[in-house]
Each structure stands twice: as structure tokens, then as C-alpha cells.
Amino acid sequence: MSEPRRALVVDDNATNRMLAKALLSRVGWVVDEADCGEAALQKFVATDYPLVLLDISMPGLSGEETCTEIRKIGKPTHLIAYTAHAFPEERAKFLAIGFDDILVKPINRLQLEEVISKV
């Protein structure tokens, strides 16, 4: 029996976490949640996540800072910026920081499936 695909959804907004978790669960992912960058880092160190959806604007460690720290850990993962920030210059900045892809809020099932098909 194969291991379930695990994802980590990081967002300080509970509704955004709930939506992403529900959509990912429907397509077979086991989803853990974190409400801040610090909690995300603790979970990421303890568990292998091939997929991380990471909000950009959070109190404490921002999504950008959390992305940088996750990349320093060096475990393979597909990091997706989960954000309402969608201007072209912001997208380029997120990709340069180390995100693999960008998912613009509000999300829907088709957008999510397209992004996670690369994992």
C-alpha cells in the first residue's frame, strides 16, 4: 500500500485553510494545516510534504520568509504561493524567492488541480 500524498496548507485565515484543505482532500491529499510561518516550519521539519500552499501575508514570519527558510531545510517540496497578490511583478518576485508556482485567491477546484498536477 502506498503512502498518502501529504500537503501542508499555511494561512492565518481559517476560512482560506478550510477551503484549500477541502479541495485538496477531494482529490486524494491528506492535509495538515498551520496558521503561521513558525508553525509551518515546525511541521515541515517533522513531516515530508511534497506540496505546501503558503500564504504570503501573515503576521510573524511572512510567506516569503517562510519560503526562504523551507528552502534552506533542503527537503524536496513543491511550494505554491497561496495569495491574493497577483500583479506580474509580484509573481516574478515570488518565483525568484523560491516558490514553484502561484495560486491566486479566491481559488477553485480547477485552478488547484492545474497547479498540483505538476507535483
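Tutor: The sheet is open and has 5 strands in the order β2-β1-β3-β4-β5, with parallel pairing. Strands pair if DSSP finds at least two bridges between them; strands (E, at least two residues) and helices (H or I, at least four) are DSSP runs numbered from the N terminus. The edges are taken by β2 (29-34) and β5, each with a single partner strand, so one side of each has no neighbour in the sheet. On average, neighbouring strands are turned by 25° against each other, direction ignored.

This is a predicted model, in which local features need pLDDT of at least 70, side-chain atom pairs count only at pLDDT 80 or more, and totals for chains, interfaces and linings use all residues. Residues are numbered from 1 along each chain as its sequence is written, and side-chain values use heavy atoms, without hydrogens and water.

Helix α1 (residues 14-26) packs on the sheet and touches β1 (5-10), β2, β3 (51-55) and β4, contact meaning heavy atoms within 4.5 Å. The direction of α1 makes about 165° with that of β2; axes are lines fitted to C-alpha atoms, for helices over the stretch in contact, and angles run from 0 to 180 degrees between N-to-C directions.

Y82 stands opposite L103, and T83 opposite V104. Helix α5 (residues 109-116) lies across β2, β3, β4 and β5, at about 175° to β5.
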